[in-house]
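Here's a protein model to look around in together.

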Amino acid sequence: MGTPTRTYYDIVGDGGSDVLGQVERQRGRIDESLSGVRHQIAVASGKGGVGKSTLSRHLASAMARHGWETAILDADLNGPTQARLGSVGSAPPVPGPRGLVLPRSRDGVGVLSLGAYIPESSSVEFESVAKGESYTWRATREFTLMSEILAGVEWGTLDVLVFDLPPGAERTVQFAEFLGPEVAFVLVTLPSALASGVVARSVTALDTTRNRLLGHVLNMDGYACAGCGEVRPLFPSGETTPLDTERLGSIPFDPQLAQLSDRGGSLDEMPESAAAQAIDNLARKLMNILESA
Amino acid sequence: MKFLCLECNEPMKLYETGPPERGSIEVKYECPNCLHQIAMLTNPFETQVVSSLGVTIGGEIVNADGNAAEQGVSKCPFAAKVAGDAPQESDGTKIPEPGNSPSDEKISWTEGARARLDRIPAFVRPMAITGIEQFARDKGHPQVDELLLDQAKDHFGM
């Protein structure tokens, strides 16, 4: 009998390109770049349009007001909003000693968003030789770009880095696996059966990962009437799917908040509003949870 | 992916990468024992998958167009788009390089400033080059150095 044919696992290396090694070295560069970051939170939801980005922005801003060094990474590459929300993007990218200097909002929150570099009128496109078949490679390309951003930005010393994730239960899990178990998750939902049903899938999906789910936030929980000051129901009352995770806070919908968010304002402009106070309470609660972990 | 010479039961070694053509790349492997060679020829989808991983094959960067990137040339997926949006670009596709952005007044980059540029994500490099060189012109500097980059950081409130 001759020598058995070698299998894939019998052979060390790949003959010269060391593709796996290159991927591992990129991971090492990311770890080094994030070495000064104490906490990482991902704001996610299975459902789109629940206010993840607005909440991420004002949550980070509230934490900064409480003395934390804070930054946001807009991980929604196809619908980036944090540049507008943080009112950054007019300055050119500046290379610093250890990577791209992090642009800052007026209230001192670091903001990295593709929206600062690609006009809102343009879609995010990748060059490709595989025309018309982007579903076969696009997700891979997007995570590679995310790696490049994580490794190539001067994050510096941060108390918290907030990831504003794109919607989708499957995307939530992909990001959990990509970012690693040190990233804790906060899910955002609405008081509607439709949203809670979808977000419940995200709760279940995150159970398959090693990431910690801190809880969920009920956004647009009523309408804060500017006239009478009362908070009234925004969605019809009905059965919602219970979420098997702690409710961290409830944020009422406030048109003034939506308006100031669109122009890159901060909650400093409306500190007494119910929405601002709810977000501030949420920020303090999350800071306590993270510090006690 | 690994290649095995069945005749020798030896793993083949990367020999060279051939000239790319129409989205296909050619990677040659050789058995270190019998010197038998094979070529792996990728179709455009396979090329794209490799490109999407952001890795290099045989020491050459594989661009999204299936071509091996030249030293110092961006492999940025947004390069053309970003360059097209840069205020000084006229053809909408040309990618600025350090000291070579479109302007009558050429600006040079010191080695240290170039090293900083290489460390930022590739997709923002064209905008950084255009913007920083404009900042240098506005300040009357013929050269971009690390001190000027620090000044730009302060100037733009970062």
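Where does A:Asp18 lie? You'll find A:Asp18 in the segment before H1 of chain A. Keep in mind that this is a predicted model.

Most residues other than glycine have a negative phi. A:Asp18 isn't a glycine, yet its phi is positive, near 55°. A:Asp18 counts as partly exposed, because it has 16 other C-beta atoms within 10 Å.

B:Leu35 is not a glycine either, and its phi is positive at about 65°. Look for B:Leu35 in the loop between strand S4 (24-30) and strand S5 (37-41) of chain B. Is B:Leu35 buried or exposed? B:Leu35 has 10 C-beta neighbours inside 10 Å, so it counts as exposed.

**Helices that pack together**

| Helix pair | Packing angle | Axes apart |
|---|---|---|
| H2(A) and H8(A) | about 70° | 9 Å |
| H1(A) and H4(A) | about 40° | 7 Å |

Take H1(A) and H4(A) to begin with. Their angle of about 40° makes H1(A) oblique to H4(A). Their crossing is left-handed. On the H1(A) side, the residues that meet the other helix are A:Gln26, A:Arg29, A:Ile30 and A:Ser33, while H4(A) brings A:Ser147, A:Leu150 and A:Ala151. Sorted by class, this contact has three nonpolar, three polar and one charged residues.

Then there's H2(A), which covers residues 52-65, and H8(A), which covers residues 274-292. The crossing of H2(A) and H8(A) is right-handed. From H2(A) come A:His58, A:Leu59, A:Ala62 and A:Met63, and they meet A:Ile279, A:Asp280, A:Leu282, A:Ala283 and A:Met287 of H8(A). That contact is made of seven nonpolar, one polar and one charged residues.

If you skip its neighbours within four places in sequence, A:Val43 still has contacts with residues including A:Lys52, A:Leu55 and A:Ser56. A:Val43 is also in contact with the run A:Val162, A:Phe163, A:Asp164 and A:Leu165, and with A:Val186 and A:Val188.

**Where the chains meet**

Finally, zoom out to both chains. How many residues does each chain put into the contact? Chain A puts in 47 residues and chain B 49 residues. On the chain A side, the elements giving two or more residues are helix H1 (19-33), strand S3 (95-96), strand S4 (99-101) and helix H4 (138-152). H4(A) gives the most to this side, with eight residues. By class, the chain A side holds 23 nonpolar, 15 polar and nine charged residues. So H1(A) and H4(A), which pack against each other at an angle of about 40° and are therefore oblique, both give residues to the side that touches chain B.

Methods:
Residues numbered from 1 in each chain as written. Chains lettered and ligands numbered in written order. Predicted model: local features only at pLDDT ≥ 70, side-chain atom pairs only at ≥ 80, totals over all residues. Contact = placed C-beta atoms within 7 Å. Helix = DSSP H or I, 4+ residues; strand = E, 2+ residues; numbered from the N terminus. Nonpolar A, V, L, I, M, F, W, Y, C, P; charged D, E, K, R; others polar. Axes fitted to C-alpha atoms, helices over the stretch in contact; angles between N-to-C directions. Left-handed = near helix turned anticlockwise from the far one by under 90°. Buried ≥ 20, exposed ≤ 12 C-beta atoms within 10 Å, placed from the backbone. Parallel < 35°, antiparallel > 145°, perpendicular 65-115°, else oblique.
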